[in-house]
Amino acid sequence: MVNLISSPRSATPDARAARHPEKQKRPDTPVLRKPDWIRVKAPTGGVFSETRNVVKENNLVTVCEEAGCPNIGECWSQKHATFMIMGETCTRACSFCNVKTGLPDALDADEPRRVAHATATMELKHVVITSVDRDDLADGGAEHFAQVIRAIREAAPGTTIEILTPDFLRKPGAAEVVIDARPDVFNHNLETVPRLYLGIRPGARYYHSLRLLERVKERDPSQFTKSGIMVGLGETKEEVMQVMDDMRSAGIDFLTIGQYLQPTRKHAAVDRYVTPEEFKSYETIARAKGFLMVSASPLTRSSYHAGDDFERMRAAREAALASGKTL
């Protein structure tokens, strides 16, 4: 077993400095020893290599690699990958995130075609598309998201599409462009409780993110909405339950809750490791509050088991509608 903490790209001090220059003057934070339930298997196997080759041959970026996701071995071995569009450099500097910070390159006009080609080549039933924040673009990259969705619809019409978008803060009309491209699932993560935003997600605004997801439902009620938070950052149980209530008020269908894992000593420290029993309790509470789908476990991430969870969520909606329940 191995303990995947940080991306290989941030293994040395020089690499970390190039990746996160804004964090280098911060004091090192302590790294708590991980409990056994956090440890995962090293990525191996033929299908894993095949997935990696398809990604490499199409010159694509995956959040699996860039964010140092602990589930990369399992997901890639099952031909599941989350494509990260619009480059590998983010204009924001969230204290929890391992994606590179800096000034991004210009958009690649051929990227939508390549993402669609990889989706078709891998014969994906469900694909997840995310991106870095692109505050440098007038529309935050909304039209590029729409182009990727349209390209996948053409190349792989049987594939369901889930997007995990930035917040499009101060980008009037941008969200509507993406909504109107009609993904099957519109995901945007709140990440943490409002009290911790200044330290964890300083470039974002909690209520703006919540309103973004509410607008999806207002404009296209048929689209599923999804959001997630990390725990273990210092939040209280009561604060997590309040976020659940806020999400339900915004009509969010699917909630994910996972353990925050510290990428490097320059990132926000883990306050504690939440036990599997506590995650189970959160799941029970969230289901009682009316979410169609809940995924809560130490290794849960936004796109972890996304395809299977989408099918369960769709079935749950159909069952609720058949019973006359108001969603």
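Helices (H or I, at least four residues) and strands (E, at least two) are taken as DSSP runs and numbered from the N terminus. On this basis, the protein chain has 12 helices and 9 strands. The structure is a predicted model, in which local features need pLDDT of at least 70 and side-chain atom pairs count only at pLDDT 80 or more, whereas totals for chains, interfaces and linings use all residues. Residues are numbered from 1 along each chain as its sequence is written, and side-chain values use heavy atoms, with hydrogens and water left out.

Of the 327 residues in the protein chain, 54% count as buried, where buried means under 20% relative accessible area, exposed over 50%, and partly exposed in between (1.4 Å probe, protein chains only). Contacts are defined by heavy atoms within 4.5 Å. Among the contacts in the protein chain with a separation of 6 or more, 76% are accounted for by residues 24 or more positions apart.

Two helix pairs were examined. Two packed helices are described by the angle between their axes and the distance between the axes. Axes are lines fitted to C-alpha atoms, for helices over the stretch in contact, and angles run from 0 to 180 degrees between N-to-C directions. Helix H5 (residues 111-121) packs with helix H6 (residues 142-155) at an angle of about 40°, the axes being 8 Å apart. The crossing of H5 and H6 is right-handed; a crossing is so named if the near helix is turned clockwise from the far one by less than a right angle, and left-handed if anticlockwise. From H5, Glu111, Pro112, Arg113, Val115, Ala116, Thr119 and Ala120 meet His144, Gln147, Val148, Ala151, Ile152 and Ala155 of H6. By class, this contact of H5 with H6 has 8 nonpolar, 3 polar and 2 charged residues. In this classification, Ala, Val, Leu, Ile, Met, Phe, Trp, Tyr, Cys and Pro count as nonpolar, Asp, Glu, Lys and Arg as charged, and the others, Gly among them, as polar.

Helix H10 (residues 237-249) and helix H11 (residues 276-288) pack at an angle of about 35°, with axes 10 Å apart, and their crossing is right-handed. Lys237, Val240, Met241 and Met244 of H10 make the contact with Ser281, Tyr282, Ile285 and Ala286 of H11. The classes in this contact of H10 with H11 are 6 nonpolar, 1 polar and 1 charged residues.

The loop between strand S2 (89-90) and strand S3 (100-101) contains Ser95, which is buried at 3% relative accessibility. Leaving aside neighbours within four places in sequence, Ser95 is in contact with Lys23, Arg26, Gly199, Ile200, Tyr260, His267 and Ala268.

A search of the whole structure finds 0 disulfides, a disulfide being a pair of cysteine sulfur atoms within 2.5 Å. Cys94 is in no disulfide, and the nearest cysteine sulfur, that of Cys97, is 6.3 Å away, too far for a bond. Cys94 is buried at 14% relative accessibility, whereas Cys97 is partly exposed at 23%.

Thr300 is placed in the loop between strand S9 (293-296) and helix H12 (306-322) and is buried, with a relative accessible area of 3%. Its side chain makes a polar contact with the side chain of Ser295 (3.2 Å), and a polar contact of 2.6 Å joins the side chains of Thr300 and Ser297. A polar contact is a pair of N or O atoms within 3.5 Å; within protein, one must be able to donate a hydrogen and the other to accept it, and residues adjacent in sequence count only if both atoms are side-chain atoms. Not counting residues up to four places away in sequence, Thr300 touches Thr256, Ile257, Gly258 and Ser295.
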